[in-house]
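Have the model up on screen while you read.

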Amino acid sequence: MTDHSPLDPALLSRIDTSKPHQARVWNFWLGGKDNYPADRQLAEKLRDIYPGMEDIARHSRVFLGRAVRYLAGTVGIRQFLDIGTGLPTVDHTHEVAQRVDPTSRVVYVDNDPLVLVHAQALLTSDPRGACDYIEADVRDPDTILEFASRTLDLSRPTALMLLGVMGTVFDDDEAYRLVGHLLGALPPGSYLVFEDGTNIVKPDAAAEAERLRDKGEVYEYRLRTPEEIARFFDGLELVEPGIVSVSRWQVESDVFGLPPEVDAFCGVARKP
């Protein structure tokens, strides 16, 4: 947990605007303003390699809203642990959950100092509920759980949200272990909400992005197949429609048919 003020000069000094950062690149694709020239240059480079990157970002954001509405509304989950928060945008987790039930409690986790600068915007909770922010890395689950327990009652069902974050953990065994560790601390009736980048919808474009990544020209991110993503749900009860593109998870209106798949797959599952 950080004890910095959001405008602490020491914190601001940790933000390197000369190098692109994944959260700020994502913010650019979502139409946000919290990005810098280096982020925009990389975003445009990736867009040239992989046309439609904005579609992935936007469908991922819409999936977050659908998943939270499902869990808060249909299931009755009132606690959310959102790791890999990213920069504030419209309809963040606590906003969606607290529209369903104002008593919902949310803890956000990220390791980007710019996200911490904006944490004040994240923490505008309904007074009947609660929000908190932890500066931590997904590779340190014990720290996350320790500080999250100050806001959440981890003996009660909780939604663990990992959207676009596990691709930063390249080693598969480590990635599966970390998710298992976090889930292991949550009681039965908890849920995993998971989404990450894939390489099957536009495989040639994904291969080129990975080639540039390996040369150090784009940020490090591990694309996984839907089958590899499915392993994160081992031992859990998947909610329909299972492991699908984020554009196709419980689409709320199919009057125009299912939208095209995008290269990010997701799932929602219950811990039995």
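The points below go from the whole chain down to a single residue.

1. Ground rules. This is a predicted model, so to speak of local features a pLDDT of at least 70 is needed, side-chain atom pairs count only at pLDDT 80 or more, and totals for chains, interfaces and linings use all residues. Residues are numbered from 1 along each chain as its sequence is written, and side-chain values use heavy atoms, with hydrogens and water left out.

2. The whole chain. The protein chain has 11 helices and eight strands (DSSP runs numbered from the N terminus: H or I of at least four residues for helices, E of at least two for strands). Its radius of gyration is 18 Å, close to the 19 Å from the globule rule for 272 residues, so the chain is as compact as a globular protein of that length. That radius is taken over C-alpha atoms, and the rule is 2.2 Å times the number of residues to the power 0.38. The C-alpha trace spans about 50 × 45 × 40 Å along its principal axes.

3. Of the 272 residues, 53% count as buried (under 20% relative accessible area, with exposed over 50% and partly exposed in between, using a 1.4 Å probe and protein chains only). Among contacts (heavy atoms within 4.5 Å) between residues at least 6 apart in sequence, 73% join residues at least 24 apart.

4. Strand β4, residues 159–163. Why call β4 largely enclosed by the rest of the structure? Five of its five residues are buried. Ala159, Met161 and Leu163 point one way, while Leu160 and Leu162 point the other way. In a regular strand, side chains alternate between the two faces of the sheet.

5. Who β4 pairs with. Two strands pair if DSSP finds at least two bridges between them. β4 runs parallel to β1 (residues 79–83), joined by four bridges, and leucine 162 is the bridge partner of isoleucine 83. β4 also pairs in the parallel sense with β5 (residues 191–197) over five bridges, where leucine 162 has phenylalanine 194 as its bridge partner. From β4 the chain crosses through helix α9 (residues 172–184) to β5, a right-handed β-α-β crossover; with the strands pointing away from the viewer, right-handed means that the path from the first strand over the helix to the second runs clockwise.

6. β1 and β2 pair in the parallel sense over five bridges, with phenylalanine 80 opposite valine 106. Six bridges then join β2 to β3 (residues 130–135), again parallel, and valine 107 stands opposite aspartate 132.

7. Two helices to look at. In α8 (residues 141–148), the buried residues include Ile144, Leu145 and Phe147, and their cover includes β1, β2, β3 and α9. Helix α2 (residues 22–29) is mostly covered, with six of its eight residues buried; among them are Val25 and Trp29. The cover there includes α3, α4 and α6. Glycine 31, with a positive phi near 85°, follows α2.

8. One residue up close. Leaving aside neighbours within four places in sequence, serine 245 is in contact with Glu261, Val262, Ala264, Phe265 and Cys266.
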